Amino acid sequence: MSKLLTTAALTAVCFGLCVPAAAAPPDPQALADRIDAHLDARLTAAKVTPAPPASDTEFLRRACLDITGRVPKPRDVYDFLGDSDPAKRAKLIDELLEMPRYASHSAAVWRAALAPETTAVPEARVFQTGFEAWLRIKFRANTRYNALVRELLTVPLSADAGSPTPALRRPEDPNPLAFYAVKEAKPENLAAATARVFLGVQIECAQCHDHPFARWTRDQFWNQAAFFAGVERHGDGLFAPMSETISVRVITPMGGKKPVPAWLLDDREPSRSPDVSLRAALAGWVTAKDNPFFARAAVNRVWGQFFGRGIVDPVDDFHDDNKPSHPELLDELAKAFADSGFDFKYLIRAIGRTKAYQRTSARTESAQDDPRLFARMSLKGLTGEQLFDSLVLATGFREGGGRGAPREQFLTRFALSGKPAEPETSIPQALALMNGKFVNDATTVGASPTLTAVCELPGLTTGGRITALYVAVLSREPMPKELNRLVRYVDGAGKDHLAERLGDVFWVLLNSAEFRLNH
């Protein structure tokens, strides 16, 4: 076969035959320029001067936290600062997207969106590992978003209600069924989650009555639930097996008498085949390129992840009274994302290259305070995963895995419940860090590999040891004023108290807002 193909190719070349060329991949810089043009036009109209570009260390730390979920290593800081390539920021984005940690962080972000119950409900936490593992596989392979969603919505369920598939016998294995299990396999729960996450609309308020603010009616809510009408859980508890009877195609609303058929939210009738689950019809419509909700909801969610607030904010609440701040930009992003084949990496590359993403978070004019203008980068509270993984990297802590491990305890306690761009949501994190055993242990010589190395490394001055702690925690060197003050503090206690005083500096840095926030 290979010989035949080679011969055909040579023939085409020799005789000038036309060989269709592969389509060029979309250019992320072109999209980045169009994003900036939309934002700049709005800033000009509002007479607001945007903040200047972020420093290299500020940009490096931000990009690492947003894409890989943790701060950079000290070696990465010095490598980036020493790189004189004018395109090094774009190059960094490309490199971060190819790291395994991109897949791990993306899996955690989307698990939190798709199955928030795994954080909020203690008994549902057992599903977190397997669901994230399934998502991690998808992001590692750069599975296109429409394919991922289609696979999730059409995951096979047993057709035999008398012998249903044990849904999650090993919940730690990669498995998308957690999405159904934590929703208790209830059609109304699955419909509400599907609309919220994949379409950006909250229709659950229409479960009992017409939506008070949006255009959704009670019938439309139950039309969506009908797509899952054949899904059934057999028994109580999250581990109960599930099945699907595809002949069940209508659902009786709660408190109602008349069954309701499946019907799409754009008022069109879904395709119906007697041998195919209605979930397939829903998945086909949800993920279609011309779906008016799907791509816009996805790009808005990613935008919210990187900028701290969505173009529509909250990111999952599109309705007539909650207009986008930049409607043309949202449409352009959605079209570009769909045209790229729903490629998340292309979208992130474009966002990371914009002037807007690369602005400092420091306010240089009061007019920059309106977050809807994106005149400067928002301060974002860290998720529990970002905070713990950054703490581990900074302190050199090594933990065992499994249930009850420090990471699980930490995530249970530090789940971010508010908006990312509302730093006050991380106040409980600050209090726990200041008073918690983890940080107190990590700032004690002997318990922290980082602190121990900094204290014991020969040949370093006090200033060099403090600088090493700054780079490990804050990804930057101290300013002269900071360094002079801290050198006086450490040296003032004498050599016998060097480790103790350096431990104090380490504790202060780990508890600083600069470490706790993504800025």
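Visitor: Okay, helices here are DSSP runs of H or I with at least four residues, strands are E runs of at least two, and both are numbered from the N terminus. With that in mind, where does Ser-340 lie?

Guide: Ser-340 sits in the loop between helix 15 and helix 16. Keep in mind that this is a predicted model.

Visitor: Does Ser-340 count as buried or exposed?

Guide: Buried: Ser-340 has 10% relative accessibility, and the cut-off for buried is under 20%.

Visitor: And what is Ser-340 in contact with, leaving aside its neighbours within four places in sequence?

Guide: With those neighbours set aside, Ser-340 has contacts to Pro-26, Arg-144 and Tyr-346.

Visitor: Let's switch to charges. How many salt bridges does the structure hold?

Guide: There are 33 salt bridges in the structure.

Visitor: Pick one for me. Which side chain does Glu-98 meet in a salt bridge?

Guide: That would be Lys-345, with 3.2 Å from N to O. Glu-98 is in the loop between helix 5 (88–97) and helix 6 (100–114), while Lys-345 is in helix 16 (residues 344–353), so this pair ties together parts 247 residues apart in sequence.

Visitor: Why would side chains like that pair at all?

Guide: In general, side chains of opposite charge can pair when their charged atoms come close.

Visitor: Back to that pair. Is Glu-98 buried or exposed? And Lys-345, buried or exposed?

Guide: Glu-98 is exposed, at 52% relative accessibility. Lys-345 is buried, at 7%.

Visitor: Which residues are linked in a network with Glu-98 and Lys-345?

Guide: Asp-94 and Arg-349 join Glu-98 and Lys-345 in a network of salt bridges.

Visitor: What relative accessibility does Arg-476 have? And Glu-514, what's its relative accessible area?

Guide: Arg-476 comes out at 14%, which makes it buried. Glu-514 is partly exposed, with a relative accessible area of 24%.

Visitor: What about Glu-269, which side chain does that one meet?

Guide: Glu-269 meets Arg-272 in a salt bridge, 3.3 Å from N to O. Arg-272 is partly exposed, at 35% relative accessibility.

Visitor: Where is Pro-274 found?

Guide: Pro-274 is in the loop between strand 4 (260–261) and helix 13 (278–286). With a relative accessible area of 64%, Pro-274 is exposed.

Visitor: What is phi for Lys-47?

Guide: Lys-47 has a positive phi of about 55 degrees, although this residue is not a glycine. Lys-47 is in the loop between helix 2 (28–45) and helix 3 (56–68), and it is exposed, with a relative accessible area of 75%.

Visitor: And what is phi for Phe-374?

Guide: Phe-374 has a positive phi of about 55 degrees and is not a glycine either. Phe-374 is in the loop between helix 16 and strand 5 (380–381). At 3% relative accessibility, Phe-374 is buried.

Visitor: One last topic, helix packing. At roughly what angle do the axes of helix 21 and helix 22 cross?

Guide: Roughly 155 degrees, and the axes of helix 21 (residues 449–456) and helix 22 (residues 462–474) come within 9 Å. The two helices are therefore roughly antiparallel to each other, as angles over 145 degrees count that way. The crossing is right-handed.

Visitor: Which residues meet there, between helix 21 and helix 22?

Guide: From helix 21, Thr-450, Leu-451, Val-454, Cys-455 and Glu-456; from helix 22, Arg-465, Ala-468, Leu-469 and Ala-472. The residues of that contact divide into six nonpolar, one polar and two charged.

Notes: Residues numbered from 1 in each chain as written. Predicted model: local features only at pLDDT ≥ 70, side-chain atom pairs only at ≥ 80, totals over all residues. Heavy atoms only, no water. Axes fitted to C-alpha atoms, helices over the stretch in contact; angles between N-to-C directions. Parallel < 35°, antiparallel > 145°, perpendicular 65-115°, else oblique. Left-handed = near helix turned anticlockwise from the far one by under 90°. Contact = heavy atoms within 4.5 Å. Nonpolar A, V, L, I, M, F, W, Y, C, P; charged D, E, K, R; others polar. Salt bridge = Lys/Arg side-chain N within 4 Å of Asp/Glu carboxyl O. Buried < 20%, exposed > 50% of the residue type's maximum accessible area, 1.4 Å probe, protein only.
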